[in-house]
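Please look through the structure below, with its sequence at hand.

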Amino acid sequence: MTNELNELAIFATVATERSFTRAAAKLGVSQSALSHTIRRLEQRLDVQLLARTTKSVAPTAAGAALLKDLAPALEQIGRAVDGARSNRHRPAGRLRIIMSRSAVEMVLLPRLAAFAEAYPEIVLDVVTATGPIDLVAGEFDAGIQLGEYIQKDMIAVRVTPELRLAVVGSPLYFASRQIPQAPSDLRDHRCITLRFAGRPYRWEFEKRGKSTTIGANGPLVVDDTHLVIQSALAGVGLGLAYEEQVADDIAKGRLIRVLEDWTPPIPGFFLYYPSRQHQPAALAALVRTLRFSG
């Protein structure tokens, strides 16, 4: 198909210029190469498209009819190609991005108004999901994910500092229960489970080089950290959330934080995408906007 389209474009140029010499100069190829291409096209179509003499070239009736239908199509293709090429240099178009709701709240929303103002021709098409996603299979341009879950062959750009997780419960919940002093005490508590990448997320703790992982059990399994927080506020049980998300609730006494000395920093969020080659200007603009400068 590519060779056929190339041959038709060459025919249109020669027919329009009515000269192999001028067409060769315009296309940057030799006259003999053009002549060979036209002969091959005519043989495949089994029709003469150009009448040639030693002094002139002109479309035959069949060639003129083909050119009439071909010229608008080639012009449209040219505009499409120019439009695609301009995306490499002009920040415009649609970017499909996947991230968790927490990443939307903590990374994207604080910068979104400034981004929309600076790049009015870019549309961010955001899909929310927890867990690692295959960007290529899902036809996404980029994603935002915790650094530890990003595939090694991805380009990753830090968009937050290191984060900390917080185990929290409401005063109502603790009214009749002991404050856990160690991760092992969580086995005696109702824990709100987050489903991550289709599986219950196991709570990881570390203190002075000692690590432990707890399979949280309780009356509720959800797939969104925001729902974990709301459930903890309602007294359902203990929840695990990002420190930043619950800081205000802790400060105002709506939530009580426990096991704080068992929750060291984690890598934080990164914007990731498959390749640096031919990066669209819209994606480059998003990278510049979200990049964490420290």
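**Around F269**

Leaving out neighbours within four places in sequence, F269 has contacts (heavy atoms within 4.5 Å) with S100, A103, M106, V107, I144, Q145, L146, R158, V159, T160, L163 and Y242. This is a predicted model, in which local features need pLDDT of at least 70 and side-chain atom pairs count only at pLDDT 80 or more, while totals for chains, interfaces and linings use all residues. Residues are numbered from 1 along each chain as its sequence is written, and side-chain values use heavy atoms, leaving out hydrogens and water.

T160 sits in the loop between β6 (155-158) and β7 (165-169); strands are DSSP runs of E, at least two residues, numbered from the N terminus. A polar atom of the T160 side chain lies 2.9 Å from the backbone nitrogen of F269.

**Pairs of rings**

A pair of aromatic rings is described by the distance of the centres and the angle of the planes. Rings of Phe, Tyr and Trp (its six-membered ring) pair if their centres lie within 6.5 Å; planes under 30 degrees apart count as stacked, over 60 as edge-to-face and the rest as tilted. By this rule there are five aromatic pairs. F115 and Y119 have ring centres 5.2 Å apart and planes at 45 degrees, so the pair is tilted. F115 is buried at 4% relative accessibility, and Y119 is buried at 18%.

The rings of Y149 and F196 are also a tilted pair, with centres 4.8 Å apart and planes at 50 degrees. Y149, F196 and Y201 form one aromatic cluster.

Methods
Helix = DSSP H or I, 4+ residues; strand = E, 2+ residues; numbered from the N terminus. Polar contact = N/O pair within 3.5 Å; in protein donor to acceptor, adjacent residues only side chain to side chain. Buried < 20%, exposed > 50% of the residue type's maximum accessible area, 1.4 Å probe, protein only.
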